[in-house]
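Please read this briefing with the sequence and the structure open beside it.

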Protein chains: 2
Amino acid sequence: MEVVGSASELRVRLSPSRGRLVGFVPTMGALHEGHLSLVARARRQDEVVVVSIFVNPLQFSQGEDFERYPRPLERDLALLRDAGVDVVFTPRAGDLTPAEAATSVRVRGLTERLEGASRPGHFEGVATIVAKLFNLVAPARAYFGEKDFQQLAVVRRMVRDLDFAVEVVGCPIVREPDGLAMSSRNAYLSPRDRGRALALSSALLEAARDWTGDVEATRTRLRTTLGSAPGVRLDYAEVVDPETLEPLEGVVGTPAHALVAAFLGATRLIDNIRLEHDAADG
Amino acid sequence: MEVVGSASELRVRLSPSRGRLVGFVPTMGALHEGHLSLVARARRQDEVVVVSIFVNPLQFSQGEDFERYPRPLERDLALLRDAGVDVVFTPRAGDLTPAEAATSVRVRGLTERLEGASRPGHFEGVATIVAKLFNLVAPARAYFGEKDFQQLAVVRRMVRDLDFAVEVVGCPIVREPDGLAMSSRNAYLSPRDRGRALALSSALLEAARDWTGDVEATRTRLRTTLGSAPGVRLDYAEVVDPETLEPLEGVVGTPAHALVAAFLGATRLIDNIRLEHDAADG
């Protein structure tokens, strides 16, 4: 495994890989089983596996946890070595976001709701850096976790709209044995909040189990349940179209998606689940 | 020469060229010697030469000449065949700018002055389509004329900021024997306005000849000359830093660039010239 610290070195390192199938997993590090599931999928499918570790300052809003975001680099590299990764790209912040940079990629509509409403500028930061990484790595496939469901939708939209020659692969959420969606931010939780955080996945799993297509009932129940869960400060609970992420209304026969965001103490967590009629039978 | 009408066909046609050096000349058609100088340069340097012809609706502001912009496709194709082009990409508007597209590329600062101030949204339209074309064609080099000097600066900035693996090659303005910068829009000019349009290149050539580094004197003279030229309605005349396109002040020892835009009747023309101290000796 080779660790490459600058964009120019990365180009040199990857130039012999042109023509080979490159699989790419962009991350912010602090890796968990969710990330490793993406890497494993790339390792199975692609000839060359590239992982980036970059805590992207552009996607943090004012007052968020950019400074204290965990950066356990040695541990991450050991995990990636074990996972059979070929190249790890660990750019310094100044390298990918120099002061003189003036270009950004914006996806309208999709980015204005949910996470976009709560985190101004977040998705412009994501789209801009993902576009840069795609241009640097030139992957045939890029892997994203469904935990960041809206991010996945934004990246798909950007890839389609800007004609990137990249197949975007969405991978299922990996959960702790008790149901909590894996997240690098779970490390922030106190033991008490870690317990209370279960309310998110429980409410979603219940919503999926009981789904009949009644959007209003599901949304109300999510909001009621999470609004009264001890120690949980709900940011949003929505039932949306899985592609446009527009809120649905009434009773629907098509698949829908439930997304929630909530604070446990100072820690903001998100989770989501697919709502489909078959699930009610299962 | 192969003419390809859709993005998906283009990918198929170019896939055997992966690993070969592709030179790309994006155009809006209505080709003249300026465009052909770009094609000739690509033909000399690159293994595969791709030209796109696409009148990009995104880069026309409200009330501009999108509808009446000339589209002499058969003549353009004949010129490109004679020039030894390998692939001509002629997408339909709906193919590159579908209604559901929501992503745009924006370059701050550089795009807000001069053409950007006069043509709102123009450079966002340019940057977005150029990004798409770069992703579709995957060129090693892309050729742009210096007649659209600000556009060239915007594309260079975007390529640097988003890490496109493309070398942007700027090529000198090609002028008519009497000095008028070649432009597809010259075809709009009445014989009388065609004569009067010479005021632009004459004023610029004079400014370059007499350049002593005195920004204020040069700017004032350009504005006075063009402000009183018969039939010329001046939009702007500026002396700027050639890279940032910020207006300069006072007396400078570094290279500068003079840019002008003016209407002749309903036709808007632009032109520019490099100002450097050596030029005063030549």
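In this predicted model, helix H6 (residues 122-137) of chain A and helix H7 (residues 149-162) of chain A pack at an angle of about 50°, with their axes 10 Å apart. H6(A) and H7(A) are therefore oblique to each other, and their crossing is right-handed. Two packed helices are described by the angle between their axes and the distance between the axes, and a second pair of helices is treated in that way below.

**The contact between H6(A) and H7(A)**

- On the side of H6(A), the residues that take part are Phe123(A), Val126(A), Ala127(A), Val130(A) and Ala131(A), and they meet Gln151(A), Val154(A), Val155(A) and Met158(A) in H7(A).
- Sorted by class, the residues of this contact between H6(A) and H7(A) comprise 8 nonpolar, 1 polar and no charged.

**The sheet and the helices that pack on it**

- Chain A holds an open sheet of 6 strands, whose order is E1-E4-E3-E2-E6-E7 and whose pairing is parallel.
- The edges of this sheet are formed by strand E1 (2-4) and strand E7 (167-171) of chain A, each of which pairs on one side only.
- On average, and with direction ignored, neighbouring strands of the sheet are turned by 25° against each other.
- Strand E6 (residues 141-145) of chain A pairs with E7(A) in the parallel sense over 5 bridges, and within this pairing Phe144(A) stands opposite Gly170(A) in E7(A).
- H6(A) packs on the sheet, where it touches strand E2 (22-27), strand E3 (48-53) and E6 of chain A, and the direction of H6(A) makes about 150° with that of E2(A).
- H7(A) also packs on the sheet, touching E6 and E7 of chain A, and the direction of H7(A) makes about 170° with that of E7(A).

**The contact between H9(A) and H10(A)**

- Helix H9 (residues 198-209) of chain A and helix H10 (residues 215-227) of chain A have axes that come within 10 Å and cross at roughly 155°, which makes H9(A) roughly antiparallel to H10(A).
- The crossing of H9(A) and H10(A) is right-handed, and the contact is made by Ala199(A), Leu200(A), Ala203(A) and Ala207(A) of H9(A) together with Thr218(A), Arg221(A), Leu222(A), Thr225(A) and Leu226(A) of H10(A).
- By class, this contact of H9(A) with H10(A) has 6 nonpolar, 2 polar and 1 charged residues.

**How chain A meets chain B**

- Chain A is superposed on chain B by a rotation of 180° with 0.0 Å of shift along its axis, at an RMSD of 0.0 Å, and that is the relation of a two-fold axis.
- Among the residues of chain A, Val105(A) comes closest to the rotation axis, with its C-alpha at 2.3 Å.
- The contact takes 25 residues from chain A and 25 residues from chain B, and on the side of chain A at least two residues are supplied by each of helix H1 (7-14), strand E5 (103-107), H6 and H7.
- E5(A) gives the largest share of the side of chain A that touches chain B, namely 5 residues, and by class that side has 12 nonpolar, 5 polar and 8 charged residues.
- Because 100% of the interface residues of chain A are also interface residues in chain B, the copies meet through the same surface.
- E5(A) pairs with strand E5 (residues 103-107) of chain B in the antiparallel sense over 5 bridges, and Ser104(A) stands opposite Arg106(B) in E5(B).

Note on methods
Residues are numbered from 1 along each chain as its sequence is written. Chains are lettered from A and ligands numbered from 1 in the order in which they are written. This is a predicted model: local features need pLDDT of at least 70, side-chain atom pairs count only at pLDDT 80 or more; totals for chains, interfaces and linings use all residues. Axes are lines fitted to C-alpha atoms, for helices over the stretch in contact, and angles run from 0 to 180 degrees between N-to-C directions. Helices (H or I, at least four residues) and strands (E, at least two) are DSSP runs, numbered from the N terminus. Angles under 35 degrees count as roughly parallel, over 145 as roughly antiparallel, 65 to 115 as roughly perpendicular and the rest as oblique. A crossing is left-handed if the near helix is turned anticlockwise from the far one by less than a right angle, and right-handed if clockwise. Two residues are in contact if their C-beta atoms, placed from the backbone, lie within 7 Å. Ala, Val, Leu, Ile, Met, Phe, Trp, Tyr, Cys and Pro count as nonpolar, Asp, Glu, Lys and Arg as charged, and the others, Gly among them, as polar. Copies are superposed by least squares on the C-alpha atoms of residues with pLDDT of at least 70 in both. Two strands pair if DSSP finds at least two bridges between them.
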